[in-house]
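Biologist: Can you put the model up? I have a few things to ask about it.
Modeller: Here it is.

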Protein chains: 2
Amino acid sequence: MSLDAIPVIAVPPGLRASDLSGNAPALLREIAEMLRRLVNIGESSAIDLQALPLTPADLDWLKQQLGHGEVAITLDSDGESTLNVTACPGLWWVTHCNSSGTVVSSFLEVAFVPEVVKAHPDDVEMGLEHLELLISDLS
Amino acid sequence: MSLDAIPVIAVPPGLRASDLSGNAPALLREIAEMLRRLVNIGESSAIDLQALPLTPADLDWLKQQLGHGEVAITLDSDGESTLNVTACPGLWWVTHCNSSGTVVSSFLEVAFVPEVVKAHPDDVEMGLEHLELLISDLS
């Protein structure tokens, strides 16, 4: 792992990176509420982890509490994004990197499946046109 | 790669593994039709590659024609499954392995997103109950 791959996290004032801020348990309650809305009304949502007053120790604690599930997704577009389901189905730990491998954003996404994984109908149509050209070239 | 990881493919009678059977181009036309149904009426479908009279050379040719896209998914449940989008959005090359790493099935799946990646609402609800227990233990 290069130094660039380590996300830059603004540690809340007065705390060291290794301190627990005490903010992470409240985040678990927020996540539970988001999962409840997903189950009850199908609403997807996300939390920007870099916008919250969390220390690296908080993030480690969160990752440990949430565990990991069976599905891991990588999306390679400019930089690499990883979307790993946690032990809570419907809750995904999402990290986006730029082309140098630097983590540029981290989210907790609540969704049956992350939106970015779905093929867009316009793109399917464009791919289909390309395939039809390929087929006509073969015959 | 162990020998077990190499899928066993029944080569059609009279052909060697390195021969093109001539069946793969017809399969491209079938795939185009499946993609058309996905775009037009949202219908998902799949082709079992091991049920078709295709040689390993046919499969290599198909893989080359279909190319690869940006999304790669692994699902780790007993054995590992990989679901890689092709250069045609909505068309996924899917391989399921058993716990020894042997390929047990290969499919071409046509879907906006493969069904197996989606969290099931019942599982989300069970995960949420588990998370709520965890939260009540913390407080």
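Modeller: This is a predicted model. A place to start is the hairpin of strand 4 and strand 5 of chain A, with 5 residues between the strands, where A:G101 takes a positive phi near 90°.

Biologist: How many bridges pair strand 4 of chain A with strand 5 of chain A?
Modeller: There are 7 bridges, and the pairing is antiparallel; strand 4 covers residues 91-97. One of the residue pairs is A:C97 with A:V103, the latter in strand 5.

Biologist: Switching to the two chains together. How many residues of chain B are in contact with chain A?
Modeller: On the chain B side 39 residues are in contact, and they meet 39 residues of chain A. Helix 1 (24-41), strand 2 (71-77) and helix 3 (121-138) of chain B each supply at least two residues to that side.

Biologist: Which of them gives the most?
Modeller: Helix 3 of chain B, with 11 residues. By class, the side of chain B that touches chain A has 25 nonpolar, 6 polar and 8 charged residues.

Biologist: What do the two copies of strand 2 do, parallel or antiparallel?
Modeller: Strand 2 of chain A, residues 71-77, pairs with strand 2 of chain B in the antiparallel sense, over 5 bridges. A:V71 stands opposite B:L75 there.

Biologist: What does B:V85 touch, leaving out residues up to four places away in sequence?
Modeller: B:G69, B:E70, B:V71 and B:W92. As for B:L108, which is 23 residues away along the chain, its C-alpha atom is separated from that of B:V85 by 9.6 Å.

Biologist: Last one. At what angle do helix 1 and helix 2 of chain B pack?
Modeller: About 40°, with the axes 10 Å apart; helix 2 is residues 56-66. The two helices of chain B are therefore oblique to each other, and their crossing is right-handed.

Biologist: Which residues meet there?
Modeller: From helix 1 of chain B, B:A24, B:L27 and B:L28; from helix 2 of chain B, B:D58, B:W61, B:L62 and B:Q65. By class, that contact has 5 nonpolar, 1 polar and 1 charged residues.

Technical notes. Residues numbered from 1 in each chain as written. Chains lettered and ligands numbered in written order. Predicted model: local features only at pLDDT ≥ 70, side-chain atom pairs only at ≥ 80, totals over all residues. Contact = placed C-beta atoms within 7 Å. Helix = DSSP H or I, 4+ residues; strand = E, 2+ residues; numbered from the N terminus. Nonpolar A, V, L, I, M, F, W, Y, C, P; charged D, E, K, R; others polar. Pairing = 2+ DSSP bridges. Axes fitted to C-alpha atoms, helices over the stretch in contact; angles between N-to-C directions. Parallel < 35°, antiparallel > 145°, perpendicular 65-115°, else oblique. Left-handed = near helix turned anticlockwise from the far one by under 90°.
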